[in-house]
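User: I am new to reading protein models. Can you take me through some of the terms used for this one?
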Amino acid sequence: MSTELTAEELQILQAQAAAGDVEAMRLLGLAHAAGEMVPRDYAEAARWLKAAAEAGDAEAQLHYAILLHKGYGVPKSEKWALNWYKRAAEQGVVAAMHNLGAMYFEGQGTAVQPDQAIHWFSQAAEQGFADSMYHLGVVFEQLGDYPKAAYWYARAGEHGHADGAFAMGVLYADGRGVPQSDDYAFDWFLHAAELGNKRAMFNVALALGTGKLGRELDLKASGQWLERAAEAGHQDAMEVLATALERGQLGFFPDPARAEYWRERAGRA
């Protein structure tokens with residue numbers, strides 16, 4: 001819930017829910033799930049969300065499905081989660097469309113069904129849901145349809161999805177589904193890096209530090225991206241950064257203490 005309930009509002013909500021008001025049931029269930037003005041109690045959340053879901057409330061159907069999917073407050077059941085996601089999706093809830101697509105893609109609560117995954121991911125993607133655009137790219141790549149994979153990865157990247165932008169960079173680097181292009185590969189990697197993808201940060205660092213992908217050497221920028229990749233948890237970046245700090249490369253002064261710090265972190269990653 002977006003705003004915190006006052007004690008008076010909570011009393012009113014509880015009375016309305018007890019009287020059978022469907023929206024109040026949903027809101028009270030969400031309050032229990034979030035621990036807002038009431039103790040966090042997933043069993044109570046499930047009770048109220050189920051009541052609202054059975055009364056046809058689409059948002060309640062989504063959130064009740066999530067509880068079933070995760071086993072919060074109710075026995076975990078992927079089969080029943082699938083059922084409730086589908087009911088919510090059929091009422092136009094975009095997150096439910098995406099989650100339903102993911103269950104068909106991964107075979108949760110059902111057999112793996114790529115066609116159904118594509119159908120529901122497409123429904124959500126056409127509503128602007130970037131994660132569904134990315135997952136459509138994944139499905140089509142696994143099916144070997146690289147042009148369609150490229151189309152959806154690009155759309156995901158254009159909508160700010162870091163993994164979609166990274167995947168697009170890989171396709172351009174390899175020339176799969178699109179003409180091979182080092183320039184476009186680097187541009188997509190840079191876009192993904194700026195969006196926070198740690199693998200893209202490392203690729204940008206390597207390109208600027210070695211001249212790969214047709215880049216002019218920029219050792220200072222390479223070191224900066226390398227450090228960002230390491231801080232984001234990329235193990236190879238940590239190891240390369242440790243070596244650069246040890247030897248005073250990529251714009252870094254020799255710093256044995258920091259080199260050892262990153263080497264130890266790489267060992268724990």
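Analyst: Start with one cut-off: buried means under 20% relative accessible area. Keep in mind that this model is predicted.

User: Why is Leu 250 called buried?
Analyst: Its relative accessible area is 17%. The cut-off is under 20%. Therefore Leu 250 counts as buried. Leu 250 sits in the loop between helix H14 (235–247) and helix H15 (256–268). Its phi is positive, about 55°, although Leu 250 is not a glycine.

User: How do you know that Leu 213 is buried?
Analyst: By the cut-off of under 20%. Leu 213 has a relative accessible area of 19%, so it is buried. Leu 213 lies in the loop between helix H12 (198–210) and helix H13 (219–231). Its phi is near 60°, a positive value in a residue other than glycine.

User: Why are H10 and H11 called roughly antiparallel?
Analyst: Helix H10 (residues 162–174) and helix H11 (residues 182–194) pack at about 165°. Angles over 145 degrees count as roughly antiparallel. Therefore H10 and H11 are roughly antiparallel. Their axes are 8 Å apart. The crossing of H10 past H11 is left-handed.

User: Which classes of residue make the contact of H10 with H11?
Analyst: There are 12 nonpolar and 2 polar residues, and no charged ones. Among them are Phe 166 and Met 168 of H10, and Trp 188 and Phe 189 of H11.

User: Which residues have the most contacts inside the largest nonpolar core?
Analyst: Tyr 64, Tyr 153 and Met 168, in a core of 94 residues. Beyond its neighbours within four places in sequence, Tyr 153 touches residues including Tyr 134, Val 138, Met 168 and Leu 171.

Methods: Residues numbered from 1 in each chain as written. Predicted model: local features only at pLDDT ≥ 70, side-chain atom pairs only at ≥ 80, totals over all residues. Heavy atoms only, no water. Core = buried A, V, L, I, M, F, W, Y, C linked by side-chain atoms within 4.5 Å. Buried < 20%, exposed > 50% of the residue type's maximum accessible area, 1.4 Å probe, protein only. Contact = heavy atoms within 4.5 Å. Axes fitted to C-alpha atoms, helices over the stretch in contact; angles between N-to-C directions. Helix = DSSP H or I, 4+ residues; strand = E, 2+ residues; numbered from the N terminus. Parallel < 35°, antiparallel > 145°, perpendicular 65-115°, else oblique. Left-handed = near helix turned anticlockwise from the far one by under 90°. Nonpolar A, V, L, I, M, F, W, Y, C, P; charged D, E, K, R; others polar.
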